Amino acid sequence: MQLYNNLSAKERAELIRKAGKDRLTISFYKYAKIGNTEIFRNHMFLAWDQLDVLGRIYIATEGINAQLSIPAENFNAFKNHLDTISFLENVRLNIAIEHDNFAFLKLKVKVRHKIVADGLNDATFDVTNKGVHVGAEQFNELIEDPDTVLVDMRNHYESEIGHFKNAITPDVDTFRESLDLIEEDLKEHKEDKNLVMYCTGGIRCEKASAYYKHKGFKNVYQLEGGIINYARQVEAEGLENKFIGKNFVFDQRRSERISDDVIANCHQCGKPADTHTNCANEACHLLFIQCDECKEKMDNCCSSKCQETIKLPYEEQKALRKGQGNSNDIFKKGRADYLSFKKDLRNISDNFSMPNIASTKILK
């Protein structure tokens with residue numbers, strides 16, 4: 001009985017090419033009590049492997065968080081399988097705006113402590129007492145209200161390439177960092193402002209809204225289905241699109257374009273650019289923004305040192321990596337000191353007094 005992926009990414013990519021079938025990129029989540037996570041995990045793997053599902057799925061006692069792709073012809077069978085599971089019946093599926101047959105190359109179903117690393121002790125508050133879910137039309141109305149504070153619950157490298165107009169975008173590396181930071185900066189407005197939150201697909205806001213209600217915020221709202229669902233609703237209903245730029249996604253596509261605006265800059269030369277890439281040096285693999293000109297000039301590398309490394313024979317590169325583990329730069333996501341333009345921006349930020357995250361919206 002096969003319970004784990006046994007093909008390499010290269011082998012799987014070749015199978016996808018030969019199959020020649022269009023695939024859908026889908027994400028969904030559900031908070032629910034799962035008793036035996038290992039048994040549930042194995043059940044999901046066996047069922048989805050038969051449907052040629054590929055992706056990254058996390059299962060915990062608190063629920064499931066799934067990002068995956070599936071042949072379009074298997075979608076109905078996939079949906080029917082979800083409906084046989086009581087807490088997943090009619091679960092909202094966020095279907096991507098832009099599809100890529102190679103968005104995922106393996107099926108990984110993993111048991112985790114949490115489906116999102118939030119650092120919270122769920123026993124200390126009622127996680128079911130969530131904020132009000134709003135669709136695109138009501139969301140657009142809310143964020144134009146002068147008594148609304150709009151907060152992006154994503155990380156800096158996500159909001160850098162795209163966000164809603166007038167949103168507060170905390171300069172954080174992780175979701176857990178943003179929770180206390182936002183509460184502290186908005187603590188004087190727990191009763192007189194609408195706290196409206198959004199994220200990629202809604203999962204981070206689901207927990208954050210309950211947390212902030214527990215912390216005393218009276219009017220808490222969250223964008224139903226996140227940016228992914230918002231973009232679909234806006235197009236289907238002919239609404240004004242208030243999102244500018246790209247929506248960062250956690251698969252091989254790395255982003256979906258929501259508007260034509262390019263609001264970010266190449267981390268190396270500073271030219272307008274919003275395409276994330278990973279450094280070609282496997283020992284580095286830093287995620288950063290790189291324009292086409294720098295990509296060609298730098299051989300898809302983040303630094304001259306990495307550029308020199310990738311020109312070495314493969315076995316020599318492998319020997320250099322041996323015993324080193326992953327570089328911490330993998331997790332910096334654009335903050336490495338040798339990215340000249342990004343470093344200059346940080347120096348400017350350090351040398352001038354910057355307002356707190358709330359003031360950009362509340363005090364203007």
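Reply: Contact here means heavy atoms within 4.5 Å of each other. Please keep in mind that this is a predicted model.

Me: Which residues of helix 4 and helix 8 meet?

Reply: On the side of helix 4 they are Ala136, Phe139 and Asn140, and these meet Tyr230, Gln233 and Val234 of helix 8. By residue class, this contact comprises 4 nonpolar and 2 polar residues, with no charged ones.

Me: How is the geometry of such a pair described?

Reply: Two packed helices are described by the angle between their axes together with the distance between those axes. In this model, helix 4 (residues 136–143) packs against helix 8 (residues 226–237) at an angle of about 100°, and the axes lie 9 Å apart. Angles of 65 to 115 degrees count as roughly perpendicular, and helix 4 is therefore roughly perpendicular to helix 8.

Me: Which residues of helix 1 are buried, and where do they lie around the axis?

Reply: The general idea comes first. An α-helix has 3.6 residues a turn, so residues three or four places apart point the same way. In helix 1 (residues 9–19), the buried residues are Arg12, Ala13 and Ile16. They span an arc of only 100° around the axis, so they lie on the same side of helix 1.

Me: What covers the buried residues of helix 1, and which exposed residues are on the face turned away?

Reply: The cover includes strand 1 (23–31) and strand 2 (54–60). The face turned away from the buried side carries Lys10, Arg17 and Lys18, which are exposed. Just after helix 1 comes Gly20, with a positive phi of about 65°.

Me: Is Ser178 buried or exposed, and which residues does it touch?

Reply: Residues count as buried under 20% relative accessible area. Ser178, located in helix 6 (residues 175–185), has a relative accessibility of 0% and therefore counts as buried. Leaving aside residues up to four places away in sequence, Ser178 touches Met153, Val172 and Tyr212.

Me: How many disulfides does the structure hold?

Reply: A disulfide requires two cysteine sulfur atoms within 2.5 Å. The structure holds 0 disulfides. Cys205 is in none, and its nearest cysteine sulfur, that of Cys199, is 3.6 Å away. Likewise, Cys284 is in no disulfide; the nearest cysteine sulfur belongs to Cys302, at 3.7 Å.

Me: What are the relative accessible areas of Cys205 and Cys284?

Reply: Cys205 has a value of 0% and is buried. Cys284 is buried too, with a value of 4%.

How values were computed:
Residues numbered from 1 in each chain as written. Predicted model: local features only at pLDDT ≥ 70, side-chain atom pairs only at ≥ 80, totals over all residues. Heavy atoms only, no water. Buried < 20%, exposed > 50% of the residue type's maximum accessible area, 1.4 Å probe, protein only. Axes fitted to C-alpha atoms, helices over the stretch in contact; angles between N-to-C directions. Helix = DSSP H or I, 4+ residues; strand = E, 2+ residues; numbered from the N terminus. Parallel < 35°, antiparallel > 145°, perpendicular 65-115°, else oblique. Nonpolar A, V, L, I, M, F, W, Y, C, P; charged D, E, K, R; others polar. Arc of directions from axis to C-beta.
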